[in-house]
Amino acid sequence: MSDAIQYEKHGDIAILAANNPPVNALGKAVRDGLLEGIARAEQDGVKAVLIYGEGRTYFAGADIKEFGKTPLEPYLPDVCTRIESSPLIVVSAMHGTALGGGLEIALGSHYRIAVPSARMGLPEVLIGVMPGAGGTQRLPRLIGAEKSIEVITSGRQIGAKEALELGIIDRIAEGNPRQIGLAYARELIDQGAPRRAVSEMPGPEPIDFDAAYEATLQKGRGQISPATAVRGVQAAAELPFDEGMKRERELFTYLMNTDQRAGLIHAFFSERAVGKLPELEGVEPRPLSAIGVIGGGTMGAGIATAALLNGLSVTMLEMSPEAAEAAKGRISGNLSGALKRGKISQAEFEEMTEKALSLTTSYDDLGQVDLVIEAVFEEMSVKKEVFTKLDAVCKPGAVLATNTSYLNVDEIAAVTSRPEDVIGLHFFSPAHVMKLLEVVVADKTAPDVVATGFALGKQLKKISVRAGVCDGFIGNRILATYRTAADHMILDGATPFQIDEALEEFGFAMGPYAVSDLAGLDIGWAVRKSKRAEGLHPKARDVEFADRLCEQGHFGQKTGKGYYDYAAGPRSRVPNPDVPGLIEAERAAKGITPHEFTKEEIVRRYMAAMVNEAAKVVGEGIARRPLDVDMTLLFGYGFPRYHGGPLKWADLQGLPELLADIKRYAEEDDYFWQPAPLLEQLVAEGRTFDDLNKEAA
Ligand code: COA
């Protein structure tokens, strides 16, 4: 018998206990074990079978590591069918998370019981597939088509109470799954309860499936798995069970072979791998309970909010009592949002705003904090002044962090007597909402300070990515390059509106020009002015149309006009009719003959610029692995998750083709389009970015 399922005869009940840590994923050994266990129970003279999971959970799903490889027998749908067709009464007792294939095993059982804390769901669409072991056929027979569509297309987890109300489970009981399962099986045997197969129940009442499909497709912003799952539920309503199962299999197999599935699974594993750094193995982070935040603007207040929400006490330093009060107002505003959404209680709100938060205008009050983050004006001289003061007052061992988004952290560290304690912690605004944290490791940063940066990220529920020092670190450096590629396309003939449309179709929530309008065009204007003051490279193309908008006082959403006109509100943008004229004037002045760009060309060039810069970032060691870049773009820059990240996308497109594109673009502009040495090397060796991820694992 397979070790992954432990068999035990307990009177007239056979027990199949899953033992496949950490989450009892339904890998081949588990599936083998379930089949063997059912067969043995049928030979063993028992009346019922109990299935449950040892450890932290019932089966948390199919083994995602097997996805994308040749499927191994026995297949999960056959295991569910075999369980269901047993003449014995089969009871599943759930705890932890019964997800995906796990819930499908439970639905193949005849009776379902759960502990009150159990959660369940069919989250397959989130990894680019759909339920493939009867989930779309059995769930609708229990809870109807409409509710099934909601549950399956959202992939959400349902608590035991709701599951009972919906009719997914039969009972909730306190205890451990073995105890409650045995008691329930005993009761069913004693009552002479019948064997009960969901597949034998009538299919759900039909609804307007085409409308549900279209609505789901629309909501998915290009992601196809949720809409495809609707067709599975439709089959439950329109076809006999066995044929419905076949249809589900076809749809599932189709999704399994898509790039979106590969992208989403890459995201799933990378999200978990990104915080695991070999260099930090065995390195203890420094203790962390009180932090200081310098500067209570949007960023500083957001950081303070995140810290308060996650159990840290915060000393907020501002320049004047008035500024400190304003900072407190911002923090309370953020926290009352959390209160309104039910994330914290009134008592917690009061504790956070009245006790855990203190305000000061004196650096001396930062003497006892474990870590301090500055979020002051983005200028080197200002940062240096702050760090000199921190060096004078902070206790030995305190971590001194800068939230700079592009300044040199080595240079900042150098003004202190303790550069080993200095690190960059680059949050994204609003910092209590955005998931990304770049942990910027300077030359002299001590390993336990890096570990503390990651520990803080974990405590604040962020996705933390290790970055090295360079202008813009990982994210902003790559952003600067692909934004420039977009600006060049505009000079050469595209419009901002076409570019936004093409990239929104690619899956970004907002195109780059809509994003600029949201962030404020004055930010880019200031950067361009300072770059010009430093002196542009003679071969660099300067881009000025955005300056014209700024000169007219149009800074985007905050002034009501930018690339778009927001007269009807921030959500109803219409192209600003003056923009094409500004662009044409610049083309004419520069002697550029514009040409048309197709949407496909726009996406290709934009992505080529992103991938090329990302490859430089990895090649130079600014990001340790390609997946670090992928997670940065996913969690900080709205990159569509279903493409996996720019470097996963590049792998799926084919690196030789992308390099060929870049070389072709270089014929027009060999300064901007310099192929990344790492990309050339991978192409020459016939390898992919993902190979580098695997080597680093
Ligand atoms: N297949 C293979 N490995 C899985 C897995 C699965 N279905 N689900 C989780 N794991 C692995 C994780 O990769 C992680 O491995 P690591 O420790 O090497 O990084 C480990 O199990 C623990 O998972 P983690 O997510 O860190 O734990 P958690 O307690 O925060 O969350 C779950 C547990 C089950 C809720 C979460 O892992 C999850 O949502 N899994 C996917 C469930 C799913 O989509 N199932 C449907 C597939 S059909």
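This report describes the domains, one interface, the ligand surroundings, and selected bonds and backbone features of a predicted model.

## Basis of the model

Residue numbers start from 1 along each chain as its sequence is written, and side-chain values use heavy atoms, with hydrogens and water left out. Because the model is predicted, local features need pLDDT of at least 70 and side-chain atom pairs count only at pLDDT 80 or more, while totals for chains, interfaces and linings use all residues.

## Domain layout

The chain is assigned domain 1 (5–257), domain 2 (284–469) and domain 3 (476–696); these bounds come from an automatic or database domain assignment. Taken over C-alpha atoms, the centres of domain 2 and domain 3 are 30 Å apart.

## Interface of domain 2 and domain 3

Contact, defined as heavy atoms within 4.5 Å, involves 13 residues of domain 2 and 10 residues of domain 3. The two domains bury about 980 Å² between them, with 61% of this area on carbon and sulfur atoms. Buried area here is the accessible area (1.4 Å probe) that two parts lose on being put together, summed over both. On the side of domain 2, L436, V465 and R466 lose the most area to domain 3, and together they account for 42% of what that side buries.

Zero salt bridges are found across this interface, a salt bridge being a side-chain nitrogen of Lys or Arg within 4 Å of a carboxyl oxygen of Asp or Glu. One residue pair, both at pLDDT 80 or more, is in polar contact between the two domains. A polar contact is a pair of N or O atoms within 3.5 Å; within protein, one must be able to donate a hydrogen and the other to accept it, and residues adjacent in sequence count only if both atoms are side-chain atoms.

Strands β16 (436–441) and β17 (463–468) each supply at least two residues of the side of domain 2 that touches domain 3. The largest share, five residues, comes from β17. Helices (H or I, at least four residues) and strands (E, at least two) are DSSP runs, numbered from the N terminus. By class, this side of domain 2 has seven nonpolar, three polar and three charged residues; Ala, Val, Leu, Ile, Met, Phe, Trp, Tyr, Cys and Pro count as nonpolar, Asp, Glu, Lys and Arg as charged, and the others, Gly among them, as polar.

## Ligand surroundings

The ligand is surrounded by 21 residues, of which R56, A62, I64, R272 and K276 are the closest; a residue is near if one of its heavy atoms lies within 4 Å. An N or O atom in the side chain of R56 lies 2.5 Å from an oxygen atom of the ligand.

## Salt bridges

The structure holds 53 salt bridges. In one of them, K531 pairs with D471, and the closest N and O atoms are 3.9 Å apart. This pair links distant parts of the chain, 60 residues apart: K531 is in helix α21 (residues 521–534), and D471 is in the loop between β17 and α18 (475–492).

## Backbone features

P21 and P22 are joined by a cis peptide bond with omega of about 5°. P22 lies in the loop between β2 (13–18) and α1 (28–43). N24 lies in the loop between β2 and α1, and its phi is near 55°, a positive value in a residue other than glycine.

A cis peptide bond also joins S429 and P430, with omega of about -5°. P430 lies in the loop between β15 (422–427) and β16.
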